[in-house]
Amino acid sequence: MEQSNNIKSFIIKSRPFGYISNRQKQVMEEISKFNTKGESFTYQYLNESFYCNVISMLCLQLVLNNIENDKPLSIADLLLHDSIEYRKSYYYFEGCNGDGTYNLKAADNRKNSCDMIVPENLLLQFGHRSRKVKKRKANNYLHDFAQYFGLELKGLVNNGQVAVLLTKDVYNKIIQSKYIVENQQLFFSQICNSEYLTGSGKINLSLHADTANEPLVLFCSNANAFINYLDDRRKPFKKIYVFGDKWYMDNYLSDILSLPDLANESNTALSLISSNNVANNTDSMRMIKMIQPSRNWLSDYEESLSFVNVHTNIDFATYTTEIIHFLIEAKNDPSLRFLTKLIWNSLRVGASVARKNSPLFGSQINILEEYLETHKNIHCPKVIDDLHHIYSNRFGAQMKKMILKTVNNSSLYAIVVPDKLKSEYEDLFNLPNVSFFSFRDKITEDMYDRFGTVVLVNPYAHERKKWARAFICKQLIILTPQFFIDSIYNSVKKELRLVKEYNTQNDFSKGGYVTPLRSLLNDINRYRINQQQQEIDKQDANHIYKQMETDEDEILSSQEVYVKEIEERKTEYAKITNAEKVDVHKVITLTHGNKLYSTDNAYLLIESSNGTLVRREATQIAYGDKIVNFNIPYADFSYRKWFKDVSEDQSLLTNKDEQNDFRWKRAFINFINKNDYTPAILQRKMTLFENTTEHHTKQYYATWSDPKKMPMLPREPEFIKYIGELISDDNIRENYKMFYDSSAAVKQELTATRDAELLSLVNKRLKDVTHYRYSVGIVTSVSDVCIPDVPRIMTNKFVKG
């Protein structure tokens, strides 16, 4: 426990992720105590903002334990040519001389390097096993870390590896985090060597990791790949940690339900660490119940939960009822699924606005009208008329009135609204003591002890639970239009039953969250008994509200859906795609059934309100933007056409870079064709030359064997060197960096040419652009995702479906 406290203090001092509150320190302390016992456990906290500190604590504690329990170098265990790190340099062990000295052969092969004869006592004192040798000096960051805690680095430090399933955004924060060790800042993987399991099942070393050290942590952000890897792995992990609420969503839960059995089979401790929101359905609760002990902060906290009915006039109720009747009739027609989503989104915005003639509500109706204009076979003019009536109805003023009545000057308020309405609310309410949030905003530690009251405007059930269970403050008020009161009542009733069951199963004697939840249910029920509303409409509205909320859940947890869509569409590009893979971080849904998979740093052309084209970063794309997709080929398309033309007529080579690029690639292709090498044969041959344990896949060589798929640039310059060795071309082997730079220059030139074409369109009026084919899509939603290994050809352009 002493070492655990040391690591916790070390992280608090380094602050790799910013300020650490007392509440987070308590979480770190509690999880550290659970973890020290070496058994499985589950832990649910108020929100997900603490993951990074806890993960770094657990991983660095593992490093410290391994250093403390590691065995010193044993000469008896060394074999000839084993890798050794001695006094910050790498050597191969070449055996004993018979006089108590040992031969070490320098690994760097430099002129000034020298082999060594080392006495046994010095070899044991300054020698360490390493996973492999490197041709440069050892950084010895692990030695510095051990010394910081008063320990001595003895050997290879490989006394057990752990696995961590986590979301990609958390992984990126962990890998980029820095820690203060002896007046130097070290990256996470410089202290804790780690690997990353991709969605395709490939293992990559993490950023800043040391290839000579044994990886101690395997990270993964794909549930299915993680389960498959555990199922196939022969050597069990020391521990398995699962971080995040995401894995308890419907799209992922079926995968991780097998985790407890896999952990039991290998006698591995399994820890599920998440927030209160995972106590959300019987499957997730069953998953948690399978692992004991459990700690859940729901049992500790109470808050005042109340609801305020926002009066709706007769017209609003009438038009809403007519729209819901249409949705009921259309729900079983798959061809109308997208239309019903558009209608429901419009209706929800209309029920949540705080002003008459809301610009956003108006734009929602315009998008719906445009969709119907495109799909002329769909007829629902009455729905459009009804939405226009709601748009001009003074109901919106009632929402504004209730907010102003709820908010006073005595404390600070947080008002949480549907995502698209955040800006409109901020513009409408100029109140110094009110902050506005979107339901999808992350709940962070700095929100605690800041607000006196949180107000939720017309929330879905999962949105209400997310913000209520975070216990940001002691009072939470739900503003709900009266037409949707029954939906709130049903969701609270279901939640109360689940939470009571959860407390009973886990022997939580305190009432905690159950008490305010029961009080809220009673308040809503009293109002329902007193109000007058048509029974036939109540049942229909509840059904549609529940169905549409399920759709919203799908949107919130849609990454898996998008991954499946991408996998299905890959086959469409199988004949023309290349090996270049990128990460997709946004999925932009557009009108006319199009999607756009956006990468980081991508720029898109937007048609502005005055009809001119402007260039905007993908990260700034917003709902309602008009994206213009021009049919200008990517650089790799132009390159392959160029390569084909040059192969037929080399007089087309115009400069030295083009000559160098063509020379090594054509020589490689000719060699493959001459020897009839398959990708498998090519992989085996190239493995002989590659000075790495991370060999390329057969698919990688399949793309390099085909000029129609060949990338413009290899992943690393050394690939060209290995090709020179394979085809016995000394010029390519010795000057591989020059050839690589030439290929990079050719790629840059083609990319710059395409960028220049797009830039030439900026500030032009779209109607004046006649020499390019293009299509226009209006943004209907923007989803933040993290999908790795997506073919480059599928990104940053319109994709149908």
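Author: Helices and strands here are DSSP runs, numbered from the N terminus. The model is predicted.

Reader: Good. Where is Asp449 found?

Author: Asp449 is found in the loop between β18 (434-438) and β19 (453-457).

Reader: What is its phi?

Author: Positive, about 60 degrees, although Asp449 is not a glycine. Most residues other than glycine have a negative phi.

Reader: Is Asp449 buried or exposed?

Author: Exposed. The relative accessible area of Asp449 is 71%, and the cut-off for exposed is over 50%.

Reader: And Asn458, what about its phi?

Author: Phi of Asn458 is also positive, near 50 degrees, and the residue is not a glycine. Asn458 sits in the loop between β19 and α18 (461-468).

Reader: Buried or exposed?

Author: Asn458 is buried, with a relative accessible area of 1%.

Reader: Switching to peptide bonds. Is Gln292 to Pro293 cis or trans?

Author: Cis. Omega is near 5 degrees for the bond from Gln292 to Pro293. Most peptide bonds are trans. Pro293 lies in the loop between α11 (282-289) and β15 (294-296).

Reader: Now α16. What span should its 12 residues have?

Author: At 1.5 Å a residue, α16 (residues 395-406) should span 16 Å. The end C-alpha atoms are 17 Å apart, which agrees.

Reader: Which residues of α16 are buried?

Author: Phe395, Gly396, Gln398, Met399, Met402, Ile403 and Thr406. They cover an arc of only 155 degrees around the axis, so they are on the same side of α16.

Reader: What does the face turned away from that buried side carry?

Author: Lys401 and Lys405, which are exposed.

How values were computed
Residues numbered from 1 in each chain as written. Predicted model: local features only at pLDDT ≥ 70, side-chain atom pairs only at ≥ 80, totals over all residues. Heavy atoms only, no water. Helix = DSSP H or I, 4+ residues; strand = E, 2+ residues; numbered from the N terminus. Expected span 1.5 Å × (residues − 1). Buried < 20%, exposed > 50% of the residue type's maximum accessible area, 1.4 Å probe, protein only. Arc of directions from axis to C-beta.
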